[in-house]
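Here is a report on a ligand site and the domains around it. Please look at the model first.

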Amino acid sequence: MARKKLREPLEERKGSLYFDGFSVKELAEKYDTPLYLMSEKRIRDNYNRLYEALVNNYKYVRLYYAAKANTNLNVLRILHSQGAYIDTVSPGEVFLALSAGFTPDRIMYTGTSVRNDELKMLLDANITINIDSQSELDRLLKISVPQILSVRVNPEVGAGHHSHCITAGAESKFGLWEEEVIQAYAIAQRARVGRFGIHMHIGSGILDTEPYFLAVAKLLDIAKRVHKEVGIDFEFIDIGGGLGIPYKPEDKELDLTAFSKRVVTLFKNKVKEYGLGKPFLFMEPGRYLVCDSTILLTSVNTVKVTPVHKYVGVDAGFNTLIRPTMYDSYHHILVANKLNETNKETYNIAGPICESGDLLARDRQLPEIQEGDLLAILNAGAYGFSMSSQYNSRPRASEIMIMGGKPVVVREREQLKDLIAAQRIQSDF
Ligand code: LLP
């Protein structure tokens, strides 16, 4: 059996899994499961690695953390303290960003199907908006004229790990197409918007970066047309997020040095050739910064054999981590107390939700599992907790972060009373 080499913050000690130096078994016993276990250090390391790779090639770089990946206030505060900016998509995310200490000038809003009251709130707060439609622009300008405006472009090239996560190209609801982009900037200029940016985000979970480069090139070509035909300069060019991470043992990690070099060279060459001045290069990574900072711990309560499959029943289902059900995503799973045992069984890992799609893994090769074993589901830091729900009336999991060398409860486990917190009982029957 080829054992997956463990990466930080994971470590093997005498066959058991350790996380940032702590026994996950002891943490699971202390805090109960399902439990999201997070590493402050890994988030900081991820931010520094990406920022440095870019800034070493171009001075004017900003990273806008795509908050949707993980909105725990501590994650936001850690990234804020690193110098990150933040990309938001809802009034709730703006509220959380402000609560974490981001000032409005560090917040960007990249919404879709945006309501007028959202636009008013953003205008009042002076938050930079990436408009997603002509309709949004028209409604925005009726409310008031922003100081700065950016248009989300559909560069007609998309990429992503699943069709749901490809956010550009022919089948995408996002962004404006080239001719409409030109018109939108012309309208904004006539309305006396004074400062401009331009934006794209082509999809999520990109490990093959070729489409990304095509899209960046197309974005810059469109920026050139806007600059020439409308006569405006761009303060920033935002090339979106989407950088993938290896989920499967055989997935190759993104070559960050090569990627950064190539993307920045492309950017700089085109900016120079087209006379676009010295715009900031913005990126909006979500997954890359937080995904491998977190594991989901779940306890085995059931082992069940049918004539067709062997099932391992655990206490986390798609209410806790929806990605396997929603996108058929692979999350690597370790039996935390049996790291040195051979994979000799094939299991479906099933959660407690009453739907047959509630499987965290299908036909997974693992050591023989018994009731009471502890599973660690890797790469659960992005779109894990943030997509979790109370479906089947199961309170959401807790989050523990190893901060400053010790475990800290950064989100309490929800209680039964949280299931009825927003409900109002009619008293007349
Ligand atoms: N910027 C915008 C405008 C976005 O819509 C997104 C993600 C990002 C940045 C960050 O993308 P990232 O760097 O995290 O790939 N729930 C899916 C992912 C959906 C992403 C949606 N937009 C998943 O679990 O894979």
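## Basis

A polar contact is a pair of N or O atoms within 3.5 Å; within protein, one must be able to donate a hydrogen and the other to accept it, and residues adjacent in sequence count only if both atoms are side-chain atoms.

The model is predicted: local features need pLDDT of at least 70, side-chain atom pairs count only at pLDDT 80 or more, and totals for chains, interfaces and linings use all residues. Residues are numbered from 1 along each chain as its sequence is written, and side-chain values use heavy atoms, with hydrogens and water left out.

An N or O atom in the side chain of Y383 is 2.6 Å from an oxygen atom of the ligand. For H161, a polar side-chain atom lies 2.7 Å from a ligand oxygen atom. The side chain of Y327 has an N or O atom 2.8 Å from a nitrogen atom of the ligand. On its own, the ligand has 580 Å² of accessible area (Shrake-Rupley method, 1.4 Å probe). The protein covers 93% of that area.

## Shell

The ligand is surrounded by 20 residues (a heavy atom within 4 Å). H161, S204, E284, R323 and Y383 are the closest.

## Domains

An automatic or database assignment gives domain 1 (10–39 + 291–420) and domain 2 (110–285). Their centres, taken over C-alpha atoms, are 36 Å apart. The contact (heavy atoms within 4.5 Å) takes 10 residues from domain 1 and 10 residues from domain 2.

Where does the ligand lie relative to domain 1 and domain 2? Both domains give residues to the shell around the ligand, so the ligand lies between them.
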